[in-house]
Amino acid sequence: MHPTAATPPPPARLTRRARVAWAVGGVVGLLVLGVVWGEVSGWPVLRQPLERAVARGAGVPVQLEGDVKLHLLWRPRLEVDHLHIASDDRFKVPHLLDARRVTLSWTWGDVWRWRQGEQLRVQALRAGELDAHLVRLADGGANWQLGAPDAPKDPDAPLALPRFGSLVMDQGRITLNDALQDVALKVAVQGREGDALQGAASGYVATFSGRYQALPLKLEVQAGSTLPLLQDANATAAAPWVPMRVEGTVGSSRLLFDGQAAALLGTPRLEGKLQFKGRSLADVGDPLGITLPRTPPFDLRGTLAHEGGAWRLQASSAVIGSSRLAGDLLFDQRVTPAKLSGRLTGSKLAFADLGPAIGTRGPAATEPAATAPGRVLPQRRFDLPSLKAMDADVQVNIDEVDFGTPAMAPMKALQTRVQLDGGVLRLGALQATVSGGSIKGSTQLDANASPAAWAAELDFTGIDMAGWVPGMSTNDAPTTPAAAKGAATLKRERNQARQGGDQVVKSYLTGQLFGRVNVRGAGRSTGEILASLDGPVQLSLRDGTLSHLATEAMGLDVAESLGVLIRGDQPLPLRCARFDMVARNGVVTPTLAVIDSVDSTIRITGQVSLRDESLALRVVTRSHDWSPLSLRTPVTVTGSLGQPQVGIEARGLVGRVLGAIALGAAVGPAAALLPLIEQGSTSAVDPCTVAAAPAQAPAKPAAPAASAEGRSLQPPRR
């Protein structure tokens, strides 16, 4: 028998679960292959559905023309030869966006957040050619608010454009018209890259023209390999630097920037050298919301940097009128309100250059008058709203402050801290050297009060009057400013003047000034503040002298005046000089005003009204020695600050003159001199410490009026 051949077993049958697994695996494999094919080929089958979906979501027609490639998974992006996004008819522009050779990148997380109502963020947009028309109407509606027809009407609202991680275009133009923020801007870009173009000829040129609110702009930008127009704040730090040069006009000012940038718009990131010159700093600051004073023409040079919403200016030279300044300032827009901080230094600050900022007339001939006709005190109103536009904390160190007149010596080594906080401007820790002495104190202007409230506390110590106010000099030749002399020289000159003798006086009044001012006022201008002034003012002189001729002239002592004219004016040592005054609602009244020399005691009473600038003063001189021919009677000073009028009280003088005439007629010519003879008297009590002492306003006591050495000096030789 032949052996029987083995029968093969029947094939194993797949279970139901296995068949399902194979089917699912096949489908997944096909899907994966389909996705891979789609990602590689750019999903051509999705072109029409994508176009319809985008148009439906945007609410305006959207066209994708030419070669279109869509990548959904790895680095999601859309590459299209021609992208056209229409604009609603009510905006009256041909389209919102028309771009060629476009690459648009995004992340799905940004898309999801946009669908939840957040601002749309585009990771990157690059176009070979781009033409965009961005319009926002006065009702708040904007053609870039795709799919969001309703928008709040808020003039201070941001543009609400899509956030761009980066926006770069080779050439094209962008037109922006925003009725809410009063912005009309055109950006034109022209690329200049190619194998034949090398060095400075390569790169991009962009022109910015139009206006930002009231600030006209016309700038030309030259960039390197790309032109980084926009960078999102989150992406700016990682963006590459591009060499860049910006030149043109901003308002009436000329701008030149040479450095590098990673973004120009949105959240700028740039650094480089800056040259900026114009007619006034205020013309630049006002439209930008930066509180800057109105000044004469300026020329600024230094470095400028911006990153993350903070501008930093390191000014190596800032010429403003005749002022010479420098500084390191930071303007931080990341806080609300924006804040300016840093330090301001310089070799010279001319007071006249800041005149318009404090209500006085500027040096320019075209600057309108700051005072009303017939008035002296400045009446131009302060720009109080600008004090609330931002905050500030700036340390100031100035070598010299020039008051702009030869009648007053400059201040030296000015130091103060300028703080602006919530509309309150403070100058704290104020100190300066003045003519061998010093001024210390603080001042404040509160723009929140209505009217604005001003206060000042100042202390004067050891200021040489003759050096500080050279206008009191009796010589035609200019004297050396006391600020330029050493302390030893000043002391020697004062001692020489006090010794009298043959020394001819060089100033009507000398001495060391001490004093304290603690006043306050309210108003919208310097004149209004002074018209409401309240508070005590105390001044005194030490180791001083007074012109002999001026003393006799105030006392109408004819004989003494003739003698001084023949011999020459000589200084009279002062025993004391003190002025205690109180201001009440703009009227300054002396509670004690006395000048006591070895020859006479001069007392001043009355008032000076800063409200109407009127004068009503009475000067009484009492001689310490006898005179054979004296018409001594009180002298009056009336009129106004601008036109003072000096007169005499004729009542007492007429009686003495009539008596002299009567005696001369009855007895003889010699007897006519008897009513004109003044016996003179000297009080043993210091007039600077007792007269009207109970009426003094409560305040910090003034410095001692004079030294014991000064009171013991003998009268000069006659």
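Trainee: How many helices and strands does the protein have, and how do you know where one begins?

Mentor: It has 13 helices and 32 strands. Both are DSSP runs numbered from the N terminus, with at least four residues of H or I for a helix and at least two of E for a strand. This is a predicted model, so local features need pLDDT of at least 70 and side-chain atom pairs count only at pLDDT 80 or more, while totals for chains, interfaces and linings use all residues. Residues are numbered from 1 along each chain as its sequence is written, and side-chain values use heavy atoms, with hydrogens and water left out.

Trainee: Why is V20 called partly exposed?

Mentor: V20 has 46% relative accessibility. Buried means under 20% relative accessible area and exposed means over 50%, with partly exposed in between (1.4 Å probe, protein chains only). V20 therefore counts as partly exposed. This residue lies in helix α1, residues 16-41. Across the protein, buried residues make up 43% of the 718 residues.

Trainee: What makes V20, V24, V28, V32, V36 and V40 a patch?

Mentor: Patches are made of residues with over 30% relative accessible area and no salt bridge; nonpolar side chains (Val, Leu, Ile, Met, Phe, Trp, Tyr) are joined within 5 Å, and like charges within 9 Å. Together the six valines form a nonpolar patch on the surface, with about 510 Å² of accessible area. Such areas come from the Shrake-Rupley method with a 1.4 Å probe, and for residues only the protein chains shown count as cover. The accessible surface of the protein comes to about 37100 Å², and 59% of that belongs to carbon and sulfur atoms.

Trainee: Why is strand β2 described as largely enclosed?

Mentor: Strand β2 covers residues 77-85, and seven of its nine residues are buried, so the rest of the structure largely encloses it.

Trainee: How do you know that β1 and β2 pair?

Mentor: Two strands pair if DSSP finds at least two bridges between them. Strand β1 (residues 62-71) and β2 have eight, in the antiparallel sense, so they qualify as a pair. For instance, the bridge partner of E65 is H82 in β2. The hairpin of β1 and β2 has five residues between the strands, and R75 there takes a positive phi near 50°. Eight bridges also join β2 to strand β3 (residues 97-105), again antiparallel, with R77 standing opposite S105.

Trainee: Which residues touch the most other members of the largest nonpolar core?

Mentor: They are L83, L97, L130, F276 and W468, in a core of 111 residues. A nonpolar core is a set of buried Ala, Val, Leu, Ile, Met, Phe, Trp, Tyr and Cys residues joined through side-chain atoms within 4.5 Å. Not counting residues up to four places away in sequence, L97 touches L83, H84, I85, L130, D131 and A132; contact means heavy atoms within 4.5 Å.

Trainee: What makes strand β28 mostly covered, and which strand does β27 join through ten bridges?

Mentor: In β28 (residues 587-597), ten of its eleven residues are buried. Ten antiparallel bridges join strand β27 (residues 571-584) to β28, and R578 has V594 as its bridge partner there. Their hairpin has two residues between the strands, and N585 takes a positive phi near 50°. On to strand β29 (residues 600-609): five bridges join β28 to it, also antiparallel, with V588 opposite V608.

Trainee: What makes R417 and D393 a salt bridge?

Mentor: A salt bridge is a side-chain nitrogen of Lys or Arg within 4 Å of a carboxyl oxygen of Asp or Glu. The closest N and O atoms of R417 and D393 are 2.7 Å apart, so the pair meets the cut-off. It links distant parts of the chain, with R417 in strand β21 (residues 411-421) and D393 in strand β20 (residues 391-402), 24 residues apart. R417 is partly exposed at 36% relative accessibility.

Trainee: How do you know that E528 and R524 qualify?

Mentor: Their closest N and O atoms are 3.5 Å apart, so this pair is within the 4 Å limit too. E528 is partly exposed at 24%, and R524 is partly exposed at 35%. A network of salt bridges that share partners joins R245, E247, R254 and D258. The search of the whole structure finds 22 salt bridges.
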